[in-house]
Amino acid sequence: MNGVAVRSRGVTTGQILSLLLLFGVSDWVSAAIRYAIPEEARRGSAVGNVVADLALDLGRLPERRLRVVSGGNKKYFGVDLKSGALLVSERIDREELCGALSPCSLSFEIVVENPLELYSGAVEIQDINDNDPVFPSSQARLEISESVSAGARFPLESAQDPDVGINSLQTYQLSANPHFALDVQTRVDGSKYAELVLEKELDREEQRELHLVLTALDGGSPPRSAHVQIRIDVVDANDNAPVFNQSTYKASVRENTPSGTLVARISAYDLDEGPNGDIVYSFSSHTPAKVRELFALDSATGELRIKGRLDYEETKLYEIYLQAKDKGAVPGVAHCKVLVEIVDVNDNAPEVTVTSVYSPVPEDAAPGTVVALLSVTDLDSHDNGLVNCFISPGIPFMLSSSLKSYYTLKTKAALDREKASEYNITITARDSGSPPLSAVKQILVQVSDVNDNVPKSSQDSYDVYVLENNVPGIPILNVSATDPDLGRNAHLSYTILQADPIVGHLFSINRENGTLYLLISLDHEDQVEFRMMVQVQDSGSPPLATNVSVSVFVTDLNDNVPTVLYPHANTTATYTDVVAPGTPAGHMVTKVVAVDADAGYNAWISYTLLQATDPSLFSVGLHSGEIFTARQLREDDAPQHTLVILLKDHGEPVLSASATVSISVAEMVKEMLTDLSDVAPASDPTRHVTFYLILAVILVSAAFFITIVSVGVFKCYKWKHSKELFNSSRSTLYRAPGPFHHIDAVRGGFTPPNFYHQVYLTTDSRQSDLCKKSFTSSPLGSRQSTMRNGEPGLYHQIVGMASRLPTPAEQAQPNTDWRFSQTQRPGTSGSQNGEEGGAWPNNQFDTEVLQAMILASANEAADGNSTLGGGTGTMGLSARYGPQFTLQHVPDYRQNVYIPGSTATLTNAAGKRDAKSASSSGGNKKKSGKKEKK
């Protein structure tokens, strides 16, 4: 066996045909190689090094999954991935594989991946002399008439040798004898047969029988042989032998011809008479057994018919030898040959073999990506073996041919798993025969998911309405989104994008299902609307996301009781309003001021008179809170009246509060002052504090005055360069201070009736324009005069300050630290001029007027030197409500002025406002000092 292996290696080296056929098909290359090995090579013996012959990288073989694919049930070859050698893996018997066909070869394909490459190859199986020639029988008997003349020929049975080429049957040898010679003939297919040639006539009287030995030899080294014993009986002569009409007959039949079909009719004649002239037809003794199985011969008629199933793919031509014998004592024999050609028919359907399938295919695979490798075979020939493959239309795949009988299935267009997650591709192979035969093969190709879809929400934005005072932790919204991807690519998570940190404390979202939770209880009065952005993101790589806008609106509940601003309820001080006897009906005595922190109807306050000392004397405006005289006051009316006003909002349920108003009927204000002094506390523990406060104010005013004088001196020094500024300073007093609203300062109490002030402040600037006018009051009202009628020092002081005030274009933005927001403005507390059925008041100006009016009254009441007595206090409302609207006592609102929607209280700490207050109250301080001395 070692010798065989060495020879095999020599043949391999010398006979390899490295034919690399490059095809420009897709992204893979195909080539062809050829080897030759002897049959019966032991398992594991090397055929050749395919890795070296194909110039492949030996180190990448495991990664590229190199494998050998061959047809049939047996895998004759394999590849050693360590050495790259093509090895024999099964016993190879050339006679079993190919029979008499030569050359005999086995085809195989080598498939490597990453990238996909296909190489075809063939191994020629070389014959070795491993079979002896074999005769059909070990003995043969011939009867030859003694009358046969020299030169007569007698065919002998042929030996069979399954080997081919030089190892097949090559010659015959005949043992030495005086009568016969051996003539070896060659058939069309190259096989040998022998005939005995009579060289010397027989003489039955000399020798009745002869014994010869026929030896068949093949061409092996050493040759193999077979022997047959031939016995020749010498008989009396039969003068005439049968004669065929022709020595060779030809016929052609289709391979699918049914059994019993007539192929040919042979005919022979014999000139003898009687039994010597009767002819019997039969197969010659050297006719192969395979032929006897496929054909039948009628011994009487000579008809040759089909007996078995013919197959063009197995044998294309049959050479049949027949003989005709007469029935004489020494029968005469004649021989002929029948050539039967087999015509191919389309009786083999194509066969589709799937070599490789690459599934699943990612949906983002580029067009032209190889999905499967197919091989197609058809055993028929010519057009019957010409096969075309195609797939059903309408799918994003195509077939392309690379090598002969090989196809690749590729993607033709972009795939989309969301539209089709798998394709059951039907491949049809059809030959060109008539009628054509076809074969169908189905391949299931799955499409794997790629994260190529952004999550989609059912709507781009959500508006959520939540009642205030909600229960913490309740779900308020479910953000729903979908992702048509699969697996992790479709797993969505929800998060809140916290542009505003407050949102993160108030709201939380479930990452898995998108449920939005409200963590704490909301208050409509704090904030009405919350905006946030919810991000919906999948878990793909890279992840894709979409944003959804969510707006949460807090709806109002009636959860705030109306708050009374005037008269103040949380104090022990008594507020008494004064009305003169004889006051006619319809005169406004005072006004109840209240706000409700709610919004809408919940903040709409109505006022009703709940209790009164004399219910017929006073009436209350339903929506304004203004208290009017219902009839003219008479002398017999009670001097003191206590009114209880019920304040109700319009919410559900209705919330209410009450305010108590005291009204005195007095002829003179001095009488009222006497009454008030009687009820005043005996000792005031804060009188020393008041004194120090007054002293501090005087000192601050003096410092401020000195500062103004210094600035005036500096201005005079700059007179040459600021003439225009001086003119502007003079005109500042008389110009209208831009677009502003005047606000009446709330005055009341112990101011002398011959002097009080009105202060005009602009509400759109932190540095307000300030004017001061003096008034002379009367028991029924007040009279206005020009500012020059006041103190000259105060006038010049204000003129100097006005020169420093900025022009309207230079004014700073409004100071909004004390103003109401839109949702915190008091409802119907503004004046409606006594009309009870008026529309809902929503004038921003009225609200701001009320706030400024309260602030101004608080500032002056806290000064301690305001002349609140003497005459009727006007509360600064003379221009709006008439001269009869008076307040005898106003508390210090600077410490407890309520701003709806805020926990802060107004103070007198604003720098610029304090500066003005200090400057404007300087004259009053001096005046108060003089009065105290008096």
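Over which residues does pLDDT stay under 50, with 68 contacts beyond four places in sequence? The legends below take this up with the first close-up.

**Figure 1. The stretch of residues 1-31 in the predicted model.** pLDDT stays under 50 over residues 1-31. For this stretch the model has 68 contacts beyond four places in sequence.

**Figure 2. Residues 856-934, another stretch with pLDDT under 50.** Here the model has 203 contacts beyond four places in sequence. For the protein chain, the mean pLDDT is 75. A pLDDT of 70 or more is reached by 70% of its residues.

**Figure 3. An open sheet of 4 strands.** The strand order is S9-S15-S14-S11, and the pairing is mixed. Strand S9 (139-145) and strand S11 (169-174) are the edge strands, each pairing on one side only. From one strand to the next, the twist averages 25 degrees.

**Figure 4. The pairing of strands S14 and S15.** Strand S14 covers residues 209-218, and strand S15 covers residues 225-235. The two run antiparallel and are joined by 9 bridges. Leu217 has Ser225, in S15, as its bridge partner.

**Figure 5. Burial and surface in the protein chain.** Of the 934 residues, 46% are buried. The accessible surface comes to about 46,600 Å². Carbon and sulfur atoms account for 53% of that surface.

Key: Residues numbered from 1 in each chain as written. Predicted model: local features only at pLDDT ≥ 70, side-chain atom pairs only at ≥ 80, totals over all residues. Heavy atoms only, no water. pLDDT = per-residue confidence, 0-100. Contact = heavy atoms within 4.5 Å. Pairing = 2+ DSSP bridges. Axes fitted to C-alpha atoms, helices over the stretch in contact; angles between N-to-C directions. Buried < 20%, exposed > 50% of the residue type's maximum accessible area, 1.4 Å probe, protein only. Areas by Shrake-Rupley, 256 points an atom, 1.4 Å probe, with all protein chains shown as cover.
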